[in-house]
Amino acid sequence: MTTNPTLDEDERSADQAELAPPGRSSPALALTAGLLGFTLVCLDASVVNVALPAIGSSLGGGMSGLQWVVDAYTLAFAALMLSTGAFSDRAGASRAYALGTAVFTLASAACGLAPGLPSLIGARVVQGVAAAVVLPASLALVRQAYPDPARRARAVAAWAAGGSAAVALGPVAGGVLTSAWDWRAIFFVNLPVGAAILLLLLRAPRSERRPAPLDLPGQVTAVVALTALTFAVIERGATGAVALAVAVVAGVVFFRVEARGPHPVVPLGLFRDRTVAVAVATGAAVSVAFYSVVFVFSLYFQQVRGLGPLAAGLAFLPMTGLIAVTNVVAGKLAGRFGPRLPMVVGQWVAVAGLLLLLSVGADTPAPLVAVELVPLALGCALTVPPLTAAMMDAVPAERAGLAAGVLNAARQVAGGLGIAVFGTLVADGFATGMRLSLAVAAVLLAVTGAFSFRLAGRPATRP
């Protein structure tokens, strides 16, 4: 599965970025720099889950604090991804990438040195902001370094594969680093990688700046609405009620701005196309199921089963290890049969996997749980490439980057909100909350699976 929404290309920045005279710059160096950055931001979306119990033991904060450690990064990443493609165009991809990487590296150091939970959460927000800049700029840098379409396609495929590998290895890497040193190691490991990227950028092609419209009112209201909604879900009580009211008001203002603005970050007209609406809804449901289940079972393996961070990370390896291979298979199936068939099959396989996990209890052997997580991952991995292809096919070529940005953001936001909701459910009673979380995810995927079945089919192509 392209579990990390960032694998869907932000083609707007990529297509608009232009190459200044490269001199002695090397395309391979640009690819390496872009690949490292994309891998880094994808890794930080998943590496932290296994380290959460250790962070809680060290800094306190309870379940709500642990939810914010994940969601502070995810929501900042998701909300700002709507505009950072345009920022990359305006600043130039190479400059935006250098800035994003430098800020991400410094924020990683701040995370590793955080003396308390509030400072860690604040640093995670800055990490998410920087990651939102790194994503489109890294892809634009790779694409502009390869003028030849065939070589560019191979380079972009390598870039995307780095993200898939990072998502797959994230839980294992988190377990290894936390066990070998401390939870702070999951952030300190970013420092040499960030430094290497900045050194590579010294030889990478320089990008020209391009005028690109920014929808600041839409971006600001989106951030306020999403942050307030997440706060309402996690904190609850009187403050949660106030936050919910703020979220509703900001949401109404956001939709009014987007309906009337000349350059909206989320053109509402996109959703008049049924394929676009179904693709976005399906992507959101898949993200809720995958990321939230990884969050819940990271806690289950350690807090319920008493596994250490390394063992907990390894327990996810059967689940994540098949993601990249299944992505490739899903792409081939979509190319031959059209996107509807693998989308529908994938979602119902994921539903079956979620229902299978309902049998997990406090005494279920950890190896068996690790195996029972596999159908969910396979189903999600089978679904995402076809839904991405379906959405890209449904929009005009000049709007492909914008549509990809909307899909990316929707998936990240859904994953963050899913973690907020499911974390709240398990905080009220782990066993009951876990089963309720699995049931909610199964219902969401069943609904989007039914809508996916109504998409227009496509005849199989000849081998």
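Mentor: Happy to; we will take the chain as a whole and then some of its parts, keeping in mind that this is a predicted model.

Trainee: What is the secondary structure of the protein chain?

Mentor: The protein chain has 20 helices and zero strands. Of its 463 residues, 56% count as buried. Its accessible surface comes to about 17,400 Å², and 70% of that belongs to carbon and sulfur atoms.

Trainee: Why is Leu376 called buried?

Mentor: Buried means under 20% relative accessible area. Leu376 has 0% relative accessibility, so Leu376 counts as buried. This residue lies in helix α18 (residues 374–394).

Trainee: Which residues does Leu376 touch, not counting those up to four places away in sequence?

Mentor: Leu376 touches Ala289, Val293, Met319, Ala350, Gly353 and Leu354. Val293 is 83 residues from Leu376 along the chain, yet their C-alpha atoms are separated by 9.2 Å.

Trainee: What makes the buried residues of α3 line one face of the helix?

Mentor: In helix α3 (residues 52–59), the buried residues are Leu52, Pro53, Ile55 and Leu59. Seen down the axis of α3, they fall within an arc of 160 degrees, so they line one face of the helix. After α3 comes Gly60, which has a positive phi near 75 degrees.

Trainee: How do the axes of α2 and α6 cross?

Mentor: The axes of helix α2 (residues 27–46) and helix α6 (residues 117–144) come within 9 Å and cross at roughly 150 degrees. The crossing is left-handed. On the α2 side the contact includes Ala30, Leu31 and Phe38, and on the α6 side it includes Arg124, Val134 and Leu141.

Trainee: How many residues of that contact between α2 and α6 are nonpolar, polar and charged?

Mentor: They divide into ten nonpolar, four polar and two charged. Gly34 and Gly37 of α2 are among the contact residues, and Gly counts as polar here.

Definitions and conventions
Residues numbered from 1 in each chain as written. Predicted model: local features only at pLDDT ≥ 70, side-chain atom pairs only at ≥ 80, totals over all residues. Heavy atoms only, no water. Axes fitted to C-alpha atoms, helices over the stretch in contact; angles between N-to-C directions. Helix = DSSP H or I, 4+ residues; strand = E, 2+ residues; numbered from the N terminus. Left-handed = near helix turned anticlockwise from the far one by under 90°. Contact = heavy atoms within 4.5 Å. Buried < 20%, exposed > 50% of the residue type's maximum accessible area, 1.4 Å probe, protein only. Areas by Shrake-Rupley, 256 points an atom, 1.4 Å probe, with all protein chains shown as cover. Arc of directions from axis to C-beta.
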